[in-house]
Structure formats: C-alpha cells, structure tokens
Amino acid sequence: MNNARDKKATTLRQEEIVDRTLELVREGGLGGLTTKKIAERGGFTEGALFRHYSTKQALLLGLMDRLEDMLLVPIQAVAGDVTLSAPERLERMVRHHTKIVREHESLPIMLLAEASASGDKTLVDRMRAIFHAYLSLLEGVAREGQTSGEVVGDIQPDCLAILLLGAPAALAIRHRLLPDARAEDRFEDLLIPFLMKKIDTTRGSQK
C-alpha cells in the first residue's frame, strides 16, 4: 500500500471534508448522508465540496482511505512488532478493530455494505483490497504463531484469520442494530480473552 503517496495527494480541505463526513456518519449512518449536510457541518458551500470531491464515489473512496489509516495502518504496525508474541499481536489486532467499531459507529461494516449495495466496482475493489490486506496480516501472524508453537495448530491459519476478523464484524452488526454498551463491554472484557485462551497454547488453551 502507498499510504505516503495517498496522503501527499490529499489536501487539507479534503481532510476536513472527510472529518466532517465521519462526524455525520457516526451520528446518523450513511443512509441520510448528503452533500448539503456535509457542507453545512464544515461551514462551506456545496460548490466548494464538489471542487474537492466531485462525486459520491470520490467521497466514499476518501472515507475508505481514512478507514485504511485508522484500521489497517495500526494493525500493520502491531503485526510487525516482533517484541510481542504471536498471540499478543493477534489480541491487539482484534482489540484495535473493536475500538474502531465502537468509536466510529461500525464504520468498516457500513462502508462494506454501502460498497456492496452500490455495485460500484471501484468501491467494491477498494474495500476488497483493505479487507484482503487485513486478513493476510491476521493469517500471517497466526501462521507464525503455529510455527513457533504459540498458537494452536489444529486449525488452518486462514480459518483463524476469519474467526478473529469475524468477531469484531459481528459486534459491528450488533452495534448498528441492537446497541448495548454493556454487551459491548462484555465483548471486550470476556469474549476476546475467551477467544485468545482457545488459540494461545501458552495460556493452557489445550486443557
């Protein structure tokens, strides 16, 4: 990924537009999002907005770039931190995904749904690239842990990756449809440790 290149190509006004868009998405989802609302929130005209993002597709791609920065870039850093064991890295990756879900009103799953519903190949391909990279990082760390004996070896690493991505994704669906802060606290306090105990051999997961 070429995050440095993407950031150089992004103007301060574009960053501001994405910031205001994220605020509106957190408050009301993507369904009611309009360029008029974004312009009003930012204190500029719709014409000014269209000079920076000429189409809805362009704006959604800007949101996906921001999602990559928020979700994927920190997870890449965790995956590459060799001072941590493989299970520690996997847990931190899942916890970071959970944090993004809770702080940004299930943004990853909303953008995925929006891209899928639109049928726009450019949007779908962009989301596919983000989630493929995420799954590859989870799978790579899981495989590394299996090689070192820190992660259970009786399940394929790609299956473990799907499980670890899927748990926060399921939380995101609940967060949008059945919001319950206490249940989400339990997810972080109880379910994540439960999952990690099952795959981390150093925690006696085989017993």
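**View 1. The loop between α6 and α7 in the predicted model.** Helices are DSSP runs of H or I of at least four residues, numbered from the N terminus, and in this predicted model E105 lies in the loop between the helices α6 and α7. Just after α6, E105 takes a positive phi of about 55°, although E105 is not a glycine. S106 lies in the loop between α6 and α7 as well, and S106 has a positive phi, of about 65°, without being a glycine. Most residues other than glycine have a negative phi. E105 has a relative accessible area of 24% and is therefore partly exposed, since buried means under 20% and exposed over 50%. S106, at 0% relative accessibility, counts as buried.

**View 2. Helix α6 and what covers its buried residues.** Helix α6 runs over residues 86–103, and because its 18 residues should span 26 Å at 1.5 Å a residue, the 26 Å between its end C-alpha atoms agrees with that expectation. The buried residues of α6 are A86, P87, R89, L90, E91, M93, V94, H96, H97, T98, I100 and V101. Their cover includes α5, α7 (107–118), α8 (121–148), α9 (157–177) and α10 (181–199).

**View 3. The largest nonpolar core and the contacts of M127.** The largest nonpolar core of the model has 57 residues, and those with the most contacts inside it are L30, L90, M93, L111, M127 and L138. Helix α5 (residues 56–79) gives the largest share of this core, with eleven residues. Two of the residues named for their contacts in the core, L90 and M93, are also among the buried residues of α6. When residues up to four places away in sequence are not counted, M127 touches M64, L67, P108, L111, L112 and A115; one of these partners, L111, is itself listed with M127 among the residues that have the most contacts inside the core.

**View 4. The crossing of α8 and α9.** The axes of α8 and α9 come within 8 Å and cross at roughly 125°, which makes α8 oblique to α9. In this crossing, which is right-handed, α8 passes α9. On the α8 side the residues that meet α9 are F131, Y134, L135, L138, E139, A142, R143 and Q146, whereas on the α9 side the residues are P157, D158, L160, A161, I162, L164 and L165. L138, one of the α8 residues that meet α9, is also listed among the residues with the most contacts inside the largest nonpolar core.

Methods. Residues numbered from 1 in each chain as written. Predicted model: local features only at pLDDT ≥ 70, side-chain atom pairs only at ≥ 80, totals over all residues. Heavy atoms only, no water. Core = buried A, V, L, I, M, F, W, Y, C linked by side-chain atoms within 4.5 Å. Buried < 20%, exposed > 50% of the residue type's maximum accessible area, 1.4 Å probe, protein only. Helix = DSSP H or I, 4+ residues; strand = E, 2+ residues; numbered from the N terminus. Contact = heavy atoms within 4.5 Å. Expected span 1.5 Å × (residues − 1). Axes fitted to C-alpha atoms, helices over the stretch in contact; angles between N-to-C directions. Parallel < 35°, antiparallel > 145°, perpendicular 65-115°, else oblique. Left-handed = near helix turned anticlockwise from the far one by under 90°.
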